Amino acid sequence: MATPLSADRLLRALRDEGLHVIEHRNWRTNNRNHKGPWGPTHGVMIHHTVSAGTASSVELCYNGHSALPGPLCHGVIDKAGTVHLVSAGRANHAGSGDGDVLQAVIGERATLPPDNEANTDGNRHFYGFEAVNLGDGKDPWPAEQLLAIEKAAAAICRAHDWDERSVIGHLEWQPGKVDPRGFTMNSMRTRIGKRLDQAPDGVAEPEKPKPSPPSKPTKPKPKPTPKPVAYEPFPGAAFFKAGRRSPVVTAMGKRLVAEGCGRYTVGPGPAWSTADRNSYAAWQRKLGYTGTDANGIPGKTSWDRLKVPNV
């Protein structure tokens with residue numbers, strides 16, 4: 001749950017992620033707030049426009065049409081990767097969708113349930129990005145456009161401290177929808193997750209200090225007595241739930257890799273995931289546990305033997 005970003009914060013988040021952003025007309029006040037509440041926000045939804053051409057697509061999403069009044073999203077992503085902002089409030093993009101899917105997004109679950117109902121107002125809870133594409137399965141998706149979709153979704157997630165599971169496609173929300181067509185949302189979520197583990201493209205790296213001139217040699221100081229290594233206490237089995245973000249999870253993953261039990265394709269990272277659970281199950285089997293005792297959920301005995309250092 002989150003309070004929607006203000007127009008200024010939305011613009012700053014996108015530009016901080018390294019995106020080229022154009023503010024279209026009166027986008028800050030172009031909204032559907034008179035038709036229902038805007039927020040609390042829970043996620044980001046990706047669409048395709050079923051149109052060609054940047055200028056006409058942006059105007060369509062800003063104004064809407066006779067059957068569907070605008071704005072039809074918050075930002076239009078053209079084929080060159082530019083984001084055209086058309087709204088900062090409630091937008092007519094998601095319609096009614098499946099409430100079970102919304103709960104999965106709120107819980108940042110790894111798997112979404114089938115979208116077989118249309119019982120929940122999505123315009124209230126989702127930011128929407130329309131990508132310019134005919135949606136016929138033949139119109140290409142340039143690399144610059146896919147990168148901009150990745151960056152735009154990551155920018156919103158970063159601003160709200162969400163992970164990639166807060167990003168869905170229209171086809172995962174509303175029965176009968178097919179957008180976005182031409183790439184999979186699982187592949188896009190993987191890209192977004194990797195980006196969220198890095199610094200934003202638009203944030204400059206800190207300047208490296210200039211090397212200081214060599215100092216005069218000094219007498220070596222006696223080596224201090226090393227302090228005993230401190231380890232993380234067992235945080236309890238309930239700590240390890242899907243989506244939990246903590247440096248403890250990263251430290252645990254590094255120890256599992258050091259023990260030869262890592263089962264990571266990417267990572268380890270700060271969010272407890274299926275890869276973490278599979279890696280910990282390998283550690284439990286290494287200790288001699290079997291069956292349900294090697295289910296990948298840490299217990300105190302196996303945790304103490306892993307010796308995860310304090311973070």
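Glu108 is found in the loop between helix 3 (99–106) and strand 8 (120–121), where helices (H or I, at least four residues) and strands (E, at least two) are DSSP runs numbered from the N terminus. Glu108 has a positive phi of about 50° although it is not a glycine, and Glu108 is buried, with a relative accessible area of 12%. Buried means under 20% relative accessible area, exposed over 50%, and partly exposed in between (1.4 Å probe, protein chains only).

The model is predicted: local features need pLDDT of at least 70, side-chain atom pairs count only at pLDDT 80 or more, and totals for chains, interfaces and linings use all residues. Residues are numbered from 1 along each chain as its sequence is written, and side-chain values use heavy atoms, with hydrogens and water left out.

**Overall architecture**

- Eight helices and 10 strands form the secondary structure of the protein.
- Taken along the principal axes, the box filled by the C-alpha atoms is roughly 80 × 60 × 35 Å.
- Of the 311 residues in the protein, 47% are buried.
- Among contacts (heavy atoms within 4.5 Å) between residues at least 6 apart in sequence, 69% join residues at least 24 apart.

**Surface and charge**

- The protein exposes about 16000 Å², of which carbon and sulfur atoms supply 53%; accessible areas come from the Shrake-Rupley method with a 1.4 Å probe, and for residues only the protein chains shown count as cover.
- The mean positions of the 40 positive and 31 negative charges are 9 Å apart.
- In this count Lys and Arg are positive and Asp and Glu negative, while His and the chain ends are not counted; each charge is placed at NZ of Lys, CZ of Arg, CG of Asp or CD of Glu.

**Helix 5 (residues 185–196)**

- The 12 residues of helix 5 should span 16 Å at 1.5 Å a residue, which agrees with the 16 Å between its end C-alpha atoms; the expected span is 1.5 Å times one less than the number of residues.
- Met185, Met188, Arg189, Ile192, Gly193, Arg195 and Leu196 are buried in helix 5.
- These residues lie on the same side of helix 5, because they cover an arc of only 160° around the axis; the arc is that of the directions from the helix axis to the C-beta atoms.
- An α-helix has 3.6 residues a turn, so residues three or four places apart point the same way.
- Strand 2 (43–48), helix 4 (143–160) and strand 10 (167–169) are the elements against which the buried residues of helix 5 pack.

**Helix 2 (54–63)**

- The buried residues in helix 2 are Ser57, Val58, Cys61 and Tyr62.
- Their arc around the axis is only 135°, which puts them on the same side of helix 2.
- They pack against strand 3 (64–65), strand 5, strand 6 (83–85) and strand 9 (126–131).

**Backbone features in loops**

- Most residues other than glycine have a negative phi, and most peptide bonds are trans.
- Val50, in the loop between strand 2 and helix 2, has a positive phi near 55° without being a glycine.
- Val50 counts as exposed, at 56% relative accessibility.
- The peptide bond from Gly70 to Pro71 is cis, with omega near 0°, and Pro71 lies in the loop between strand 4 (68–69) and strand 5 (75–77).
- Asp179 and Pro180 are also joined by a cis peptide bond, with omega about 0°; Pro180 is placed in the loop between strand 10 and helix 5.
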